[in-house]
Amino acid sequence: MTPLLEVTDLWIAYDRIAAVRGVSFHVGAGEIVTLIGANGSGKSTILRAVSGLVPVSRGRISFAGEDLVKLPSYLRSQGGIAHVPEGRGIFGNLTVQENLRLAAYARRDNEIYSDLKGVYHLFPRLGERRLQWGNTLSGGEQQMLAVGRALMSRARLLLLDEPSMGLAPMLVREIFRVIKRINEQGATILLVEQNAHLALEVAHRAYILETGEVALSGPSAELRHNPQVWEAYLGGT
Ligand code: ATP
């Protein structure tokens, strides 16, 4: 079966310095795949390339069989790719509810209201705060809102960049529980994460990046129980 996302021999440079060097990976429909690795190994850059926020020097990014490399970012998002960036990207001067409704602006179906209720069910805190401005939410609540927006867009592929960043441990657990739940409900997820332990707990498969290259890949369960993985690539943590 063709994977939903297939990245082949991807090269990306900033000011002629290669940040991503010949990376290949794929994400099957219904999977959670994680990219993990040290700071600066190129994880966020790869997500930005998939959503079209950085240009690619070489390689192929194929989504549902279509090559994305020349497609502008807004068409990728209309085509079903939702990027939840580090730093979250919500609208601070809109309410929680407005943020969520706006994320569904391109939809023409009549299930927007039931999806809104679904998001409030997943994140009761957002329901309680639905009339509150985005910029008055805590970091964790903003993260929930960013994920909620991606769900409202009914994306076929969610790109989650460091969902645990800056969150208290309890909220990190909550976010990861939701990631698992939305995957069980059918969402395909490409997850970039600093917290390799949690990422390997939730993902089906993982790719470990080292200075812009894939050093190792495999089922999360195998990588998680391999002590060499932790010693060699993940800082012995
Ligand atoms: P982190 O976990 O710290 O966010 P990462 O694995 O996501 O790291 P990237 O943010 O993709 O790594 O960065 C990969 C490399 O590209 C790093 O060396 C970084 O300094 C460099 N880089 C990232 N963004 C830019 C930019 N806008 N201009 C120049 N260099 C950049």
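Trainee: Which order do the strands of the open sheet have?

Mentor: Strands of a sheet pair through backbone hydrogen bonds, either parallel or antiparallel. Here four strands form an open sheet in the order β2-β1-β4-β5, with antiparallel pairing. Strands are DSSP runs of E with at least two residues, helices are runs of H or I with at least four, and both are numbered from the N terminus; two strands pair if DSSP finds at least two bridges between them. This is a predicted model, in which local features need pLDDT of at least 70 and side-chain atom pairs count only at pLDDT 80 or more, while totals for chains, interfaces and linings use all residues. Residues are numbered from 1 along each chain as its sequence is written, and side-chain values use heavy atoms, leaving out hydrogens and water.

Trainee: Which are the edge strands?

Mentor: An edge strand pairs on one side only, as do β2 (17-27) and β5 (66-67). Strand β1 (residues 5-14) pairs with β2 over eight bridges in the antiparallel sense, and V7 stands opposite F25 in β2.

Trainee: Which residues come nearest to the ligand?

Mentor: A residue is near a molecule if one of its heavy atoms lies within 4 Å of it. Among the 13 residues around the ligand, G40, K43, S44, T45 and Q194 come nearest. Helix α1 (residues 43-51) gives the most to this shell, with three residues.

Trainee: How far from an oxygen atom of the ligand does a polar side-chain atom of T45 lie?

Mentor: A polar contact is a pair of N or O atoms within 3.5 Å. For T45 the distance is 2.4 Å, for Q194 2.7 Å and for K43 2.8 Å.

Conventions
Polar contact = N/O pair within 3.5 Å; in protein donor to acceptor, adjacent residues only side chain to side chain.
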